[in-house]
Each structure stands twice: as structure tokens, then as C-alpha cells.
Amino acid sequence: MKKMHTARTSPVNLPRRGIHRTAARAGRNRVVGILGGMGPAATADFYLKLIQATPAAVDQEHLQVLIWSDPTIPDRTEALLTHGEDPTPALIAGARMLRQSGAGMLAVPCNTAHAFLAAVQAEVDIPIIHMIEETANYIHRLKPAIRRVGLLSTTGTQKAGLYQAWLDRKGIQVLSPGPDSQEQLVMASIRGIKGGKSGQSVKSELATAARELVNGGAEAIIGGCTEVPAGLAAEDMTVPFVDPARILADSVVRKALGGDGPEYSMQYATRPHEHS
């Protein structure tokens, strides 16, 4: 078994019960802005998850959404690891454009971009729904309690300690792949999906990396890059598979409809034994 690194730390897919349709009609007064393009396929996937999370029976019951998909935003991992070009100015420009176009809240379906979002939030007067914070809160509420999670993400997300920071304060330890697995299995798969490969073609690599983490004690796996769930799904796992993009979509819907309580997100969860 390859060596795994631990770090102090930051969905599972349960069947949704939905929110009553009258609440949906009453709450559609906030336009959702999606700050995307990192990458384009992940942005499209997030919008689909947002649609699926919305309790709507007809077109008119869906949320109003503005999507800014800017694939020219500098690479977030390179900025963190090799002093590449800072993506912050492009992120701020996109956030301002969405705000000026009428967005009342922002969602950023890119895990690594969250390393730069504090600076972005300081420049816009609408809330950015923090995907990693929402995911940490979600995992913390799961029953039975999760104490160790495995993280499949970009190396930038790993090095920035994004999930570690949020989960450590909740007493949850993050397990990371060893260097070889991180580069040859995880990053190679992420690059492949960004480059147009199907998720199926990289499933075995991601599944191997996940299995190593589970063998090392992980009680759940976080798909901590929005490309990872394209190659892995809950049915591929023997422990819960947590999809932050789906959690973000659920959180956006909940907040857009005026509900901030934890009861909504718990309706969207999946139990560990369901895929054992």
C-alpha cells in the first residue's frame, strides 16, 4: 500500500425529499451568479446539479441564473505551487460583472479557486456561497460521525490546506494521497477530464486512489475537485462519496429560497451502507 500523508484539517448523494413548491415560488427573488470556466465542463456540470437540486415542476419554478464561464482565468494550482499568474484579478472582474448584471449571490464551482475567494468577497457586496465551508458543515453533521476523510483534489487544493482548515476545527482529519498517487492517479485524471477525456476512461485511476485512502482509514471520500465526480460516483465506493459541487448546488437553492437551516442539506445526503 502506498504511503499516505495526513494533514490537520477543512456530498454524499441521500435521496432528496425536496422542498415544498410554495416555498420555491415565494423565494425566487434572488438571481444566482455562477463564476465558472474552471473548467467549462465543471461549470456545465454544476449548473445541471443546480437544476436537479431545485424543486420545480415547470420552467417558471426554476431559479434565475447568470453564468460567467471564463476559461482564461489563470491556473489556480500553478498560482499556488509555482508562483504562476495570480487569478484573483480575473475572479474579481467576473464577480463584479455578475453583480452588476443583477446577481444576488455567487457560487464558484472550483475548489482550488477558493484559496483566492477572500480577496474576491472583499470586492463585491453580495455573498459568495463557500463550497468548502458548506461541505465541512455537511460532513460534520453526518451520522454516524466521520472522523477521517480522504481527499481527492488538485495538488493546489491539497497544498493550500483548504479542506484541512475547515475540517480540522471540527475534529475531522484529512488523509491525502501519497506523492506518486497524487500525481499519477489524481492529477493525471483531472488533466485528462479537463482535456476532454470521458470520466469513464479515468475511473480506474481515481478508484485506485480512493481505495488507497480507504485502506488507510478514510471513512468517506471527498471529490475535492469538480472534475473528480465526473470519473467517480457513489456506487463506485464502499464508503460515502462526498460531492462538494452537489452540496454547493443544494446550499444555493436553500439560500435562494430563504432557508438557512441545516435541515435542508440533510435531506440531500447518502448513507455509507447504501453503497457497501
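Y47, L48, I51 and I67 make up a nonpolar patch on the surface, with about 310 Å² of accessible area together. (Patches here take residues with over 30% relative accessible area and no salt bridge; nonpolar side chains, meaning Val, Leu, Ile, Met, Phe, Trp or Tyr, are joined within 5 Å, and like charges within 9 Å. Areas come from the Shrake-Rupley method with a 1.4 Å probe, and for residues only the protein chains shown count as cover.) This is a predicted model, where local features need pLDDT of at least 70 and side-chain atom pairs count only at pLDDT 80 or more, while totals for chains, interfaces and linings use all residues. Residues are numbered from 1 along each chain as its sequence is written, and side-chain values use heavy atoms, leaving out hydrogens and water.

**The chain overall**
- You're looking at 13 helices and nine strands (DSSP runs numbered from the N terminus: H or I of at least four residues for helices, E of at least two for strands).
- Of the 276 residues, 54% are buried (under 20% relative accessible area; exposed is over 50%, partly exposed in between, with a 1.4 Å probe and protein chains only).

**The patch**
- I67 sits in strand β3 (residues 65-69) and, at 39% relative accessibility, counts as partly exposed.

**Helix α9**
- With 16 residues (179-194) at 1.5 Å each, α9 should span 22 Å, and its end C-alpha atoms are 21 Å apart, which agrees (the expected span is 1.5 Å times one less than the number of residues).
- There's still a kink of about 30°, centred on M187 (the angle between axes fitted to the seven residues ending there and the seven starting there).
- M187 is buried too, as are other α9 residues including L185, V186 and I190.
- After α9 comes G196, with a positive phi near 105°.

**Salt bridges**
- The structure holds nine of them (a Lys or Arg side-chain nitrogen within 4 Å of an Asp or Glu carboxyl oxygen).
- K49 and D243 pair up at 2.6 Å, N to O. K49 is in helix α2 and D243 in the loop between β9 and α12, so this pair ties together parts 194 residues apart in sequence.
- K49 is buried at 5% relative accessibility, and D243 at 4%; D45 joins both in a salt-bridge network.
- E134 and K255 have their closest N and O atoms 3.7 Å apart, linking helix α6 to helix α12 across 121 residues.
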